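I opened this entry to keep a record of what I looked up, with the cut-offs beside each term. The sequence and the structure come first.

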Amino acid sequence: QVRLVESGGGLVQAGGSLGLSCAASGRTISGYHMAWFRQAPGRERDFVARISWNGGSTTYADSVKGRFTISRDNAKNTVYLQMNTLKAEDTAVYYCAAQLVPGPSYPYWGQGTQVTVSS
């Protein structure tokens with residue numbers, strides 16, 4: 001069982017930067033593909049970014065491409081999301097997720113961390 005805990009959320013002005021962390025416990029994530037999702041009020045949860053088990057492949061939603069960077073440190077059992085040039089529309093609860101098998105389903109989720117961007 002993989003347990004995920006996000007941290008680093010907060011309030012930031014538009015144009016600013018914020019870094020999120022997702023610390024895993026219970027099992028090493030070195031074999032897991034990891035992703036970040038977000039959910040704004042009144043909206044469905046949306047995909048943000050994904051990184052393969054060894055960090056060799058990354059994928060981003062068009063809305064964050066060029067502004068957000070996903071990375072991982074398997075030795076620290078942690079995944080990161082660096083968010084730059086933040087916009088008001090980036091305001092959401094950000095969730096970390098893990099999967100062993102590539103596909104649409106992520107069996108493991110964190111509790112989320114709030115990111116609020118003021119315009």
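Is Y108 buried or exposed? Y108 is buried, with a relative accessible area of 17%, where I take buried as under 20% relative accessible area, exposed as over 50% and partly exposed as in between, using a 1.4 Å probe and protein chains only.

Before going on, I noted that the model is predicted, that local features need pLDDT of at least 70 and side-chain atom pairs pLDDT 80 or more, and that totals for chains, interfaces and linings use all residues. Residues are numbered from 1 along each chain as its sequence is written, and side-chain values use heavy atoms, with hydrogens and water left out.

**Aromatic pairs**

I then searched the whole structure for aromatic pairs and found five, where rings of Phe, Tyr and Trp (its six-membered ring) pair if their centres lie within 6.5 Å, and planes under 30 degrees apart count as stacked, over 60 as edge-to-face and the rest as tilted. The rings of Y32 and Y108 have centres 6.0 Å apart and planes at 70 degrees, so I logged this pair as edge-to-face. Y32 lies in the loop between β3 and β4 and Y108 in strand β10 (residues 108–109), so the pair ties together parts that are 76 residues apart in sequence; strands here are DSSP runs (E, at least two residues), numbered from the N terminus. Y32 is buried, with a relative accessible area of 3%.
F37 and W109 form a tilted pair, 4.9 Å centre to centre with 55 degrees between the planes. Since F37 lies in strand β4 and W109 in strand β10, this pair ties together parts that are 72 residues apart in sequence. F37 is buried at a relative accessible area of 11%, whereas W109, at 32% relative accessibility, counts as partly exposed. Ring pairs link F37, F47, Y106 and W109 into a cluster.

**Salt bridges**

Next I counted three salt bridges, each being a side-chain nitrogen of Lys or Arg within 4 Å of a carboxyl oxygen of Asp or Glu. R38 and D90 meet at 2.9 Å, N to O; R38 lies in strand β4 (residues 33–39) and D90 in the loop between β8 and β9 (92–99), so the pair ties together parts that are 52 residues apart in sequence. R67 is buried at a relative accessible area of 9%, and D90 is buried at 0% relative accessibility. The salt bridge of D62 and K65 is at 3.1 Å, N to O, and here D62 is exposed, with a relative accessible area of 67%.

**Sheet and core**

I also traced an open sheet of four strands in the order β1-β3-β8-β7, with antiparallel pairing, where two strands pair if DSSP finds at least two bridges between them. Its edge strands are β1 (3–7) and β7, each pairing on one side only. In β8, T78 stands opposite D73 and also opposite A23. In the hairpin of β7 and β8, which has four residues between the strands, N77 takes a positive phi near 55 degrees.

Last, I noted that the largest nonpolar core has 31 residues, with L4, M34, W36, L81, M83 and Y94 making the most contacts inside it; such a core is a set of buried Ala, Val, Leu, Ile, Met, Phe, Trp, Tyr and Cys residues joined through side-chain atoms within 4.5 Å.
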